[in-house]
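Please walk through this model with the sequence and the 3D view side by side. The paragraphs below take it element by element.

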Amino acid sequence: MNERLLPPREVYKRLGVHYMTVKRWIYSGRIRAVRTPTGRWLIPESEVVRILGGGTGAKGTRAVIYARVSSSDQRDDLEGQIQNLMQYCAAKGYSIIDTLSDVASGLKTDRRGLMRLFDRVTNMGVDVVVVAYRDRLTRFGFEYLERLFSSFGTRIEVVFGEEPKDSREELVDDMMELVALFAGRLYGMKTHRRKELVEGFKGLVEEVERGGEGG
């Protein structure tokens, strides 16, 4: 008996995930799919049943992957984060229900991927959020997010612990953005005063870095 083949649109609705998540699963081999001569993807219904069943590992733990980089020239790093997190979830037996990402500063609170993550968690559909480093989720207030997510039955798992040393430049950029924000609030339209404060902080950072290299 021929198995029913479903279009991606029906699959993502039944699984409750984003359309791009289904496409990513197809390309990564996480979900089996058939390509028609016209180029359309069709997914066996048994694959949907398998994913909805949650697999055999970790009692069907529903996981959402979240990855972030600060700028578009770090796209390779973003893909690397996602691949590492997918491997981690596979090793733990987690069922990945969504993969979310942002290209934005860790200080930016209205990131599209982050907002979708909040929706996922508050709808009580996530058991664990998996991130590479704490700072990928947020630069400040990680503990607040842990507490918030916990109230909806969701835990955060940080796979690699501390940020690597080569992330210093990104952290400095975030700090500069924060200083510029406070400078704007302090001095308003006084452009020259804002510039003096930002440049002064930048000089201080460079001096500290030179001192670190000398040590």
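Is K92 buried, partly exposed or exposed? K92 is partly exposed, because its relative accessible area is 38%; buried means under 20%, exposed over 50%, and partly exposed in between, with a 1.4 Å probe and protein chains only. K92 is found in helix 4.

The model is predicted, so local features need pLDDT of at least 70, side-chain atom pairs count only at pLDDT 80 or more, and totals for chains, interfaces and linings use all residues. Residues are numbered from 1 along each chain as its sequence is written, and side-chain values use heavy atoms, with hydrogens and water left out. The mean pLDDT of the protein chain (the predictor's confidence in each residue, from 0 to 100) is 78, and 71% of the residues reach 70 or more. Confidence is highest in strand 6, at 94, and lowest in helix 8 (residues 168-187), at a mean of 59.

The protein chain has 9 helices and 7 strands; helices (H or I, at least four residues) and strands (E, at least two) are DSSP runs, numbered from the N terminus. Of its 215 residues, 38% count as buried. Among contacts (heavy atoms within 4.5 Å) between residues at least 6 apart in sequence, 67% join residues at least 24 apart.

An open sheet is formed by 4 strands in the order 5-4-6-7, with parallel pairing; two strands pair if DSSP finds at least two bridges between them. Strand 5 and strand 7 (155-158) are the edge strands, each pairing on one side only. On average, neighbouring strands of this sheet are turned by 25° against each other, direction ignored. Strand 4 and strand 6 are joined by 3 bridges, and V64 stands opposite V129 in strand 6. Helix 4 (residues 75-92) packs on the sheet and touches strand 4, strand 5, strand 6 and strand 7. The direction of helix 4 makes about 160° with that of strand 4; axes are lines fitted to C-alpha atoms, for helices over the stretch in contact, and angles run from 0 to 180 degrees between N-to-C directions.

Strand 4 also holds R68. This arginine is buried, because its relative accessible area is 0%. R68 and L114 are 46 residues apart in sequence, and their C-alpha atoms are 9.4 Å apart in space.

After helix 5 comes M124, with a positive phi near 60°.

The remaining strands pair in the antiparallel sense. Strand 1 (residues 5-6) is joined to strand 3 (residues 41-44) by 2 bridges, and L6 stands opposite I43. Strand 2 (residues 34-35) also pairs with strand 3 over 2 bridges, with W41 as the bridge partner of R35. Strand 2 and strand 3 form a hairpin with 5 residues between them, and G39 in the turn has a positive phi of about 95°.
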